[in-house]
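Here are a few friendly notes to read alongside the picture. Keep the sequence and the model open as you go.

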Amino acid sequence: MKTFINHSFKFIVLSAFMLITITAANAQDARLRFDNLKGLEDRARDVVEVNIDGKLLSLAKRVLVKVNDQDAKKVGEAIKGLEGIYVRIYNFENANEYNIADIDLIRSQLTLPGWVKLANVRSKKNNQKIDVYTMFTGDVMSGVAVVISEDKSIALVNVIGPIDIDLLAELGGKLNIPRIDIENEEETPQDKE
Amino acid sequence: MKEDYLWDKTGKDSEIEKLENSLQAFRSTNTTPPALPAKTFAFDKGFVPTKTARRSFQFAFAAFASLALVIISIGVFQIVRTDDQDLAQNSAEQMSNKTIVEKPISVPEESKEISEPTITKAKFTAKRQIKRRVVKDKKQVPTKISDNKTIAKDIKPKVVKPEQKSETVILTEEEQYAYDQLMTALAITSSKLKLVKDKVQGLE
């Protein structure tokens, strides 16, 4: 009887460990590796790098709860299951100042099993390429990846965790989130100067 | 039959003497009175309370005592509370009674039977008496209850305060940084997703 209990206990512990490992692996799957883009930081005119996950994210979520505001509640609801957001934006002075192979390396990560193409836009204007991929774990979305490359700019967004894309797209400029219009950015007088 | 002879053989009683003689055969030879039985207590010498028994008894005693203390304190608290409630109710009743007294200023029935000049006097005295009573009642009522405005002032801030708190949230540096980072990340993600959405819709 004792051996049976011991074996059962070992089996349960092993199963739990495996479950945790699988869950962690699945969560990590949706994360893109931006390591090869480090060389672009020196060449780019403007660099935006945002990494928010783990404790920082939970702290931000707590702030949203703390702020007893209707808008904050909406944002909090939209990002309830969010596990992390990783953003890289590189703006260059001149066209073709970066190696397109670096971005293709990022795109190649999205060809791995699990990722599903949501949108794909190719435009000759500014040699624009837009790719949107989503990853699902069962019926739940576990990640979103947006890769935008143009002659003078690269933008990469990697969202991990279930999130409402439509709601997130509408959040900009409406709630406490500032609106950043990328299209108009180049047309501003400051940029022209 | 003489009772004296029966108890200490003083005097004479022929009836008892006859009985004595007839029952002589059964008379006791022992002249000394029988000794009283010695008091004995049953005590088991083998029984000695052990340490565990003592401890369990102490524990049980302590538990019982603390339970009793808790019950007593709850009882006292309840009594005090009910007293306070009664006091509040009484004062409220005083208030309501006072308002009722103020309205019906009626002339006593006795005054109607009296001739006219005296009626006027009686009316005046009745009004005065009522007025005096009202004034006295006002003095007895606590100021906080009698003055409705003060009650309203006391209540209002309790309702408003949480709303005021929600507007001003004090954040630590870390919280502010985390919040800003999240907002920046969401803003960029939102703008990029909107861009894609617009592009796709534009193509369609």
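**Notes on chains A and B**

1. Start with a pair of strands: β3 (residues 115–123) of chain A runs antiparallel to β4 (residues 128–137) of chain A, with eight bridges between them. Strands pair when DSSP finds at least two bridges between them. Among the partners, A:N120 bridges to A:D131 in β4(A). Four residues lie between the two strands of this hairpin, and A:N126 has a positive phi near 65° there.

2. A word on the source: this is a predicted model, in which local features need pLDDT of at least 70 and side-chain atom pairs count only at pLDDT 80 or more, while totals for chains, interfaces and linings use all residues. Residues are numbered from 1 along each chain as its sequence is written, and chains are lettered from A and ligands numbered from 1 in the order in which they are written.

3. Now chain A as a whole. It has eight helices and six strands, where helices (H or I, at least four residues) and strands (E, at least two) are DSSP runs numbered from the N terminus. Their order along the sequence is α-α-β-α-α-β-α-β-β-β-β-α-α-α.

4. How much of chain A is buried? Of its 193 residues, 28% are, meaning that 20 or more other C-beta atoms, placed from the backbone, lie within 10 Å of the residue's own.

5. Finally, look where the chains meet. The contact (C-beta atoms, placed from the backbone, within 7 Å) involves 37 residues from chain A and 27 residues from chain B. Helix α3 (residues 54–66) of chain A gives the largest share of chain A's side, six residues.

Methods. Contact = placed C-beta atoms within 7 Å. Buried ≥ 20, exposed ≤ 12 C-beta atoms within 10 Å, placed from the backbone.
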